[in-house]
Amino acid sequence: MIADNQEAMDVDTDGASFSKRPPQRSTSVPFQPPRNLAVGYVYSSEMTAHFNPRGHQEAPERITRIWQAIVDEKYNMKMQWLPIRPVTKAEALLVHSQSLWDLVEAYQYMSEQQIVDSEVYYEQLSLYVMPGTTRAARLSCGGVIEACLAVARGRLRKVFAICRPPGHHAEPDQSMGFCFFNNVAVATRVVQQLTQLKRILILDWDVHHGNGTQRAFNDDPSVLYISLHRYEGGTFYPCGEFGGMTSCGEGSGLGFSVNIPWPEKGMGDADYIHAFQRIVMPIAMEFAPELVIISAGFDAALGDELGECKVSPAGYAHMTHMLSGLAGGRLVVALEGGYNLDATMRSALAVTKVILGEAPDPLPPMHASETATETVYLVAKEQSKYWKNIDTKSCEPRQEIESISFSIPEVLQAHRAHYLYKNYKMMQVPLLGFLQSPFAGQVICTPDLFENKTLVVLAHEFGNLRLELESAMTCDLNLERSYLLDFTKELMRWINEEGYALLDVNLYPKPFASVSQNTKRTSNKKNSERYDDTTALLTYLWDNYIHLSGAQKIVFIGHGPACQPLMNLIDARFNSITRNVKAVVQVVGYSKVPFTPKKDDFRSWYAKCSCVLLPANHHILQPEATYSKKKHGVLCPIEELQPVRIVMKGLPVIQAFLKAQLAMPLS
Ligand SMILES: [Zn+2]
């Protein structure tokens, strides 16, 4: 147990003005910051005591620039200043080893020669050390502890710890990657020891994996560690598989480490927010933390040369905003990396605005990249083992689905083409122009199209199966128990036996085809306005194939939704059609009875040569119906409720009608 004795601690009461070294602009620090505010900050220029005289990315200006911007915006007037103090040995040992502590303590006594002699060794660890390192590292860690304790004890709602050197790479036994003590990890342990709060979420959006933090809690279910970082197959710093998506913790901590490892640079707002919406927030809500700590590195910011990603200040603001709603609003933002001074400053300012209660700046419409979507999907698959809130299906990348999926109409059409070729040697009719995209492969004819004197044109749609699935409780097809009734096969067999040529036209446009504006389903329009691409297809086929086929006797058979386009075709090519078309069979089923154009010559011709099949309970056949049935020729009620069986039951009627019509002498 560590002591909670604040008086005994080495408190630096002049947090903001202490300065050992230039270059900094002089900053006006309020002598007595306002009290009783909900939001606070931790900052001391004493943390600039650690610096590399030859220059280094992890430079003191990283915090002085943030502080200066906060003062310039007068945000410090709205935030309570928290005194900083160095981490105690007892606190540090909650995470770190005695030898690590001793080593960091020893830096303050290093001679110039010792610094020079050890330089290569420390460079291998991505570190530089000097006498000021000890003080700065202890203050940085102590600052984050004070920030977390203030929030955990309810003194403040949110605190920004503007501290350096950073901490998330520091492992229990090893300082590394610009980090000496793991500030956030130590603070987490101190909060768990000294307060009632036990369940803590650490969200690490630094562009690097926080290996030290994950290591500290890898087997501990009380701390949920979530990191978004560049990974690149384990080749990006800190390298290795520990930051991979299957590295999810161990022992009782299994599932409490969540890595979202980007496979490449260049990730931006849309990618991070996608990951937040699909992974971070669902898991965080299920975990229900009592305190949230952000390991807030800003090296994924646009302009950071180390991170090479594209997160904007507004992106950071939105992520902060999402996390702000957790844990009753108890949130600590602890600075980690961030090496472009401007980008770090602007991002930190955007985060500060949000914790002060301002809304994040709006983001433009955007969508996550293919890379991010794929990564999030794979992480979802992994994390769904541990978290009920993760809906893997909702994370499936669209592209991936599109590349492996076929719509049911496409499958049926492929089957139909194969069946017709195998049994009747029927071939696809090529289409041109805008008809190609929605209807390619859906018009099939017998080889004798241009020789046979009798031609049957069969127009239909594959629509029923889709509708029946949509009305079911579940859309899963149980393959062993599923079968498809193809009503037209019997009809086609008969056509073949009679020796007629056949043109089979599937009018169901491909689901993802780019179609002209008219192809949108027009069921809400009057029938007379239903002149769409399906009619255009039939008209094209009439002009280029049917009319030129040489057939002296032509039969039209329409089924379901294809009945109306057939009527539209007859209307559009009435004079040439009436010369050769001897019969029109409309298997209407439960579809609307097609509209008959109000033209005398049309109606008298249609009444002579049409046969309409309907289920017996169709509303126009009811005694009270006012519908005029005279315009149709034979109106044939079929005692059958299932639409697919109407053709089967009506087949003898169709055969008899067609034989009679075709037997009439040519006029
Ligand atoms: Zn970093």
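A residue counts as buried under 20% relative accessible area, as exposed over 50%, and as partly exposed in between, with a 1.4 Å probe and protein chains only. The structure is a predicted model, in which local features need pLDDT of at least 70 and side-chain atom pairs count only at pLDDT 80 or more, whereas totals for chains, interfaces and linings use all residues. Residues are numbered from 1 along each chain as its sequence is written, and side-chain values use heavy atoms, with hydrogens and water left out.

| Residue | Relative accessibility | Class |
|---|---|---|
| Asp206 | 1% | buried |
| Asp299 | 0% | buried |
| Ser222 | 21% | partly exposed |

The zinc ion has as its protein donors Asp206 (OD), Asp206 (OD), His208 (ND1) and Asp299 (OD), at 1.9 to 2.7 Å; donors are N, O and S atoms within 2.8 Å of the metal (3.2 Å for Na, K and Ca), and sites may look incomplete because water is not among the atoms. In sequence these donor residues follow the spacing D-x1-H-x90-D. Asp206 lies in the loop between β4 (200–204) and α7 (211–217), and Asp299 in the loop between β7 (291–296) and α9 (313–324), so the pair ties together parts that are 93 residues apart in sequence. Helices (H or I, at least four residues) and strands (E, at least two) are DSSP runs, numbered from the N terminus.

Ser222 belongs to the loop between α7 and β5 (223–230), and its C-alpha is 9.2 Å from that of Gln192, a residue 30 positions away in sequence.

Elsewhere, 8 strands form an open sheet of mixed pairing in the order β9-β10-β12-β11-β13-β14-β15-β16, where two strands pair if DSSP finds at least two bridges between them. The edge strands, each pairing on one side only, are β9 (427–428) and β16 (634–638). Strand β15 (residues 610–615) pairs with β16 in the parallel sense over 5 bridges, and Val634 in β16 is the bridge partner of Cys611.
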